[in-house]
Amino acid sequence: STSLYIKGQTIVLPRKEFEIFSLLLKNPKRIFSRDEILMRIWPDEVIVSERTVDVNITRLRKKVSPSGVKIMNKPGYGYYYQPEE
């Protein structure tokens, strides 16, 4: 697991959640499909369903949203990080 500090709050993320979070943060407003996230985060796994992405995003959102970080979903397209305006 990895500890992050966002606006004075410590957030602990398991490795896969951290990898998804890093991917989204490094590419603000860029939409990543579930398939693309699967290929980037679980490249060598044989059986990982798209539902795995949803579950990890849900857990990630619960942990980071209290600090104001917005992980967004564009239905039918995928997930993205929306920086504060």
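Trainee: In which sense do strand β1 (residues 2–6) and strand β2 (residues 9–13) pair?
Mentor: Strands here are DSSP runs of E with at least two residues, helices are runs of H or I with at least four, and both are numbered from the N terminus. Two strands pair if DSSP finds at least two bridges between them. β1 and β2 have five bridges, and their sense is antiparallel.

Trainee: What kind of model is this, and how are residues numbered?
Mentor: This is a predicted model, in which local features need pLDDT of at least 70, side-chain atom pairs count only at pLDDT 80 or more, and totals for chains, interfaces and linings use all residues. Side-chain values use heavy atoms, without hydrogens or water, and residues are numbered along each chain as its sequence is written, from 1.

Trainee: Which residue in the hairpin of β1 and β2 takes a positive phi?
Mentor: Tyr-5 stands opposite Thr-10 in β2. The hairpin has two residues between the strands, and the positive phi, near 50°, belongs to Lys-7.

Trainee: Which residue in β4 is the bridge partner of Lys-74?
Mentor: Strand β3 (residues 70–74) pairs with strand β4 (residues 78–82) in the antiparallel sense over five bridges. This hairpin has three residues between the strands, and Gly-76 takes a positive phi near 85°. The partner of Lys-74 in β4 is Gly-78.

Trainee: Over the face of which residue does Lys-74 lie?
Mentor: A charge sits over a ring if NZ of Lys or CZ of Arg is within 6 Å of the ring centre and within 35 degrees of the ring normal. Lys-74 is 4.9 Å from the centre of the ring in question, that of Tyr-77.

Trainee: How are α1 and α3 oriented to each other?
Mentor: Axes are lines fitted to C-alpha atoms, for helices over the stretch in contact, with angles from 0 to 180 degrees between N-to-C directions. The axes of helix α1 (residues 15–26) and helix α3 (residues 50–64) come within 10 Å and cross at roughly 75°. Angles under 35 degrees count as roughly parallel, over 145 as roughly antiparallel, 65 to 115 as roughly perpendicular and the rest as oblique. Therefore α1 is, relative to α3, roughly perpendicular.

Trainee: What angle do helix α2 (residues 34–41) and α3 make?
Mentor: α2 and α3 are roughly perpendicular to each other. Their axes are 9 Å apart, and the angle is about 85°.
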